[in-house]
Amino acid sequence: MHPYIMATLLFALGLGTTITFASSHWLLAWMGLEINTLAILPLMAQHHHPRAVEATTKYFLIQATAAAMLLFASTTNAWLTGQWDIQQMAHPLPVTLITLALALKLGLAPLHAWLPEVLQGLDLTTGLILSTWQKLAPFALLLQMQPPCPTLLMAIGIISTLIGGWGGLSQTQLRKILAYSSIAHLGWMILVLLFSPSLTLLALSTYIVMTFSMFLVFKLNTSTNINTLATSWAKAPVLTSLTPLILLSLGGLPPLTGFMPKWLILQELTKQDLAPAATLAALAALLSLYFYLRLSYAMTLTMSPNVTTGTTPWRLPTLQSAFPLAISTTMTLTLLPLTPAMVALLTL
């Protein structure tokens, strides 16, 4: 793709999300989401591979359905209440419809089936954009709405954490595993959305940092399935030793960064007398932890084939920049241990 076209598409991608961030009117928010969707479609189909074209078509149909539902619900809300303001949603019908439309855009269970299939058809760079940047605009709308239907949000959150953990157990494709990981993490964010929006933002930001690190690791190793992870020690031995820590951070083990939002969310749910929901979410996290451990095992404890193909990659220096990976890996591993020190410095 020509650099000018790529720059234009990336600018449109940022513009669409920014418009949605800044809007307080449903039509403007819908327009931002549409610009965002139209900008990423050429990026998804740029390699002209049949799988990429299929994934792009699926993504377009799903996003168009969600946008149509959102536009219909916001029009219904204007008809019932006489105003288009995002923060003044009162009638339960449009609120429920818009919540479901945004859940479809995000890939939350039970509206999640498209996400693993779409992510599997994309290259790792576009998959990274889809898993991180594309989550921001719908979450901004959910945070502005503050939908007064806790039962629906709790149900979506619990189902997402369970399906995100269960769905990844039998997968061998890394992009599908990251898709189910995304569903599980988004479930945690939705669970605490009504009670503490700031915690949702914290969980979203830490999820983006950890997922960014994981995608860059797979991109550096050019790995797309579990079998190719076994030869990664020959390409980047230091990174191979750090990757299990990134995976355990995604799983939410202390003293790594991923533990912080999960612990705070469980604490908040318990404070709200939702101990059963907190227990279910904690048990669902064990399912996710299992497939993260599978990846760690494949990467560090599996004997790679001792053949020329397996032992020569270290001779070929990579042309990719490792600086973004170094920054995101440091944040993924050390934000939690450094938090008390940062708080102490800020209070001086």
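Domain bounds come from an automatic or database domain assignment. On this basis the protein is divided into domain 1 (1–148) and domain 2 (149–305 + 321–347). The model is predicted: local features need pLDDT of at least 70, side-chain atom pairs count only at pLDDT 80 or more, and totals for chains, interfaces and linings use all residues. Residues are numbered from 1 along each chain as its sequence is written, and side-chain values use heavy atoms, with hydrogens and water left out.

The centres of domain 1 and domain 2, taken over C-alpha atoms, are 23 Å apart. Their contact (heavy atoms within 4.5 Å) takes 32 residues from domain 1 and 34 residues from domain 2. The area buried between the two domains is about 2,900 Å², and carbon and sulfur atoms give 79% of it; buried area is the accessible area (1.4 Å probe) that two parts lose on being put together, summed over both. On the domain 1 side, Gln120, Leu124 and Phe139 lose the most area to domain 2, together 23% of what that side buries.

Two helix pairs are described next. Helices (H or I, at least four residues) are DSSP runs, numbered from the N terminus. Axes are lines fitted to C-alpha atoms over the stretch in contact, and angles run from 0 to 180 degrees between N-to-C directions. The axes of helix H1 (residues 3–22) and helix H7 (residues 136–145) come within 9 Å and cross at roughly 5 degrees. H1 and H7 are therefore roughly parallel to each other (angles under 35 degrees; over 145 counts as roughly antiparallel). Thr17, Thr20 and Phe21 of H1 meet Leu136, Ala137, Ala140, Leu141 and Gln144 of H7 in this contact. Its residues divide into 5 nonpolar, 3 polar and no charged, where Ala, Val, Leu, Ile, Met, Phe, Trp, Tyr, Cys and Pro count as nonpolar, Asp, Glu, Lys and Arg as charged, and the others, Gly among them, as polar.

Helix H9 (residues 174–191) packs against helix H15 (residues 275–300) at an angle of about 155 degrees, with the axes 11 Å apart. That makes H9 roughly antiparallel to H15. The contact of H9 with H15 comprises 11 nonpolar, 3 polar and no charged residues.

Two cis peptide bonds occur in loops. One joins alanine 109 and proline 110, with omega about 0 degrees; proline 110 is found between helix H4 (92–106) and helix H5 (114–120). The other runs from proline 254 to proline 255, with omega near 5 degrees, and proline 255 is found between helix H13 (237–251) and helix H14 (259–271).

Conventions. Angles under 35 degrees count as roughly parallel, over 145 as roughly antiparallel, 65 to 115 as roughly perpendicular and the rest as oblique.
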